[in-house]
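Hi everyone, thanks for coming.

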Amino acid sequence: MQPPLAAFLEQVLATAQAGLTYSKDPFDIGRFETLRAATVALIASQSELAPEAISDWIALDRGYPTPKLDVRAFIQNDEGHILLVQERSDGCWTLPGGWCDIGDSPADAVVREVEEESGLECRAVQLLALFDKLKHPHPPQLPHAHKAFFLCEVTGGQLLGETDETQGAGYFPIDALPPLSRHRVVESQMRILHAHLQQGRRDTLFD
């Protein structure tokens with residue numbers, strides 16, 4: 001999907017979800033269900049996903065629609081190289097991280113994701129940035145998400161070459177990054193975060 005279409009469909013789905021959450025009139029509820037079904041059909045026509053899979057994904061979110069939170073860890077070794085993991089889903093590389101689970105704080109979530117995806121134990125020491133995914137050059141993707149980037153320090157564990165979620169892990173210099181999984185992180189974000197740390201700043205970047 002092209003960015004304008006993806007943004008439009010996201011708004012339509014959010015409107016339908018809010019309507020289904022707050023509407024009492026059965027006719028209005030039916031209209032919102034029809035609107036959502038039509039949107040699912042349009043998304044399916046523009047992607048390789050089956051309508052049933054899209055409907056199942058949409059059904060996971062209930063209540064008033066809000067953005068999801070994705071957390072990412074920025075970890076450097078003694079040479080200043082950055083830890084990346086290779087995703088099984090697309091074979092590309094990203095900062096370790098993922099969605100926050102229910103009951104997780106963002107910092108706890110990023111620590112858990114680092115261990116699951118790389119084998120390393122760490123602690124979160126600074127919130128570097130809170131970015132709106134729509135304001136960065138990610139490919140269009142639903143749902144709308146905010147991305148929290150944490151500076152983390154390794155405290156233990158062992159770097160694994162392969163996990164259930166990843167097929168590789170390693171440290172890379174900022175000027176020699178491998179192909180990135182752009183749904184998860186883009187090069188401009190990596191450079192912004194790297195420069196932020198090089199300047200010794202303690203403020204949190206946003207948007």
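This is a predicted model: local features need pLDDT of at least 70, side-chain atom pairs count only at pLDDT 80 or more; totals for chains, interfaces and linings use all residues.

Okay, helices. Find α2, residues 26-45, and α3, residues 51-59. Their axes come within 9 Å and cross at roughly 130°. That angle makes α2 oblique to α3. And if you're wondering about handedness, the crossing is right-handed.

So which residues meet there? From α2 we have Arg 36, Val 40, Ile 43 and Ala 44, and across from them in α3 sit Pro 51, Ile 54, Ser 55 and Ile 58. Sorted by class, that contact has 6 nonpolar residues, 1 polar and 1 charged.

Now, the sheets. A quick reminder for anyone new to this: strands of a sheet pair through backbone hydrogen bonds, and they can do it parallel or antiparallel.

Let's take the sheet with 5 strands. It's open, and reading across you get β4-β1-β6-β5-β8, with mixed pairing. At the edges are β4 (97-99) and β8 (205-206), and each of those pairs on one side only.

What does "mixed" look like in practice? Look at β5, residues 120-132, next to β6, residues 145-157: they're antiparallel, with 11 bridges. Within that pair, Ala 129 stands opposite Phe 149 of β6, and Phe 131 has Lys 147 of β6 as its bridge partner. Then check β1 against β6: those two run parallel, joined by 7 bridges. Over on β6, His 146 is the bridge partner of Leu 69.

There are helices on this sheet too. α5, residues 187-198, lies across β1, β5, β6 and β8, and runs at about 110° to β5.

Back to the strands, for the other sheet. How many strands does this open sheet have, and in what order? It has 3, in the order β3-β2-β7, and the pairing here is antiparallel. The edge strands are β3 (93-94) and β7 (166-172), each pairing on one side only. Between β2, residues 82-87, and β3 there are 2 bridges, antiparallel again.

How values were computed:
Residues are numbered from 1 along each chain as its sequence is written. Side-chain values use heavy atoms; hydrogens and water are left out. Axes are lines fitted to C-alpha atoms, for helices over the stretch in contact, and angles run from 0 to 180 degrees between N-to-C directions. Helices (H or I, at least four residues) and strands (E, at least two) are DSSP runs, numbered from the N terminus. Angles under 35 degrees count as roughly parallel, over 145 as roughly antiparallel, 65 to 115 as roughly perpendicular and the rest as oblique. A crossing is left-handed if the near helix is turned anticlockwise from the far one by less than a right angle, and right-handed if clockwise. Contact means heavy atoms within 4.5 Å. Ala, Val, Leu, Ile, Met, Phe, Trp, Tyr, Cys and Pro count as nonpolar, Asp, Glu, Lys and Arg as charged, and the others, Gly among them, as polar. Two strands pair if DSSP finds at least two bridges between them.
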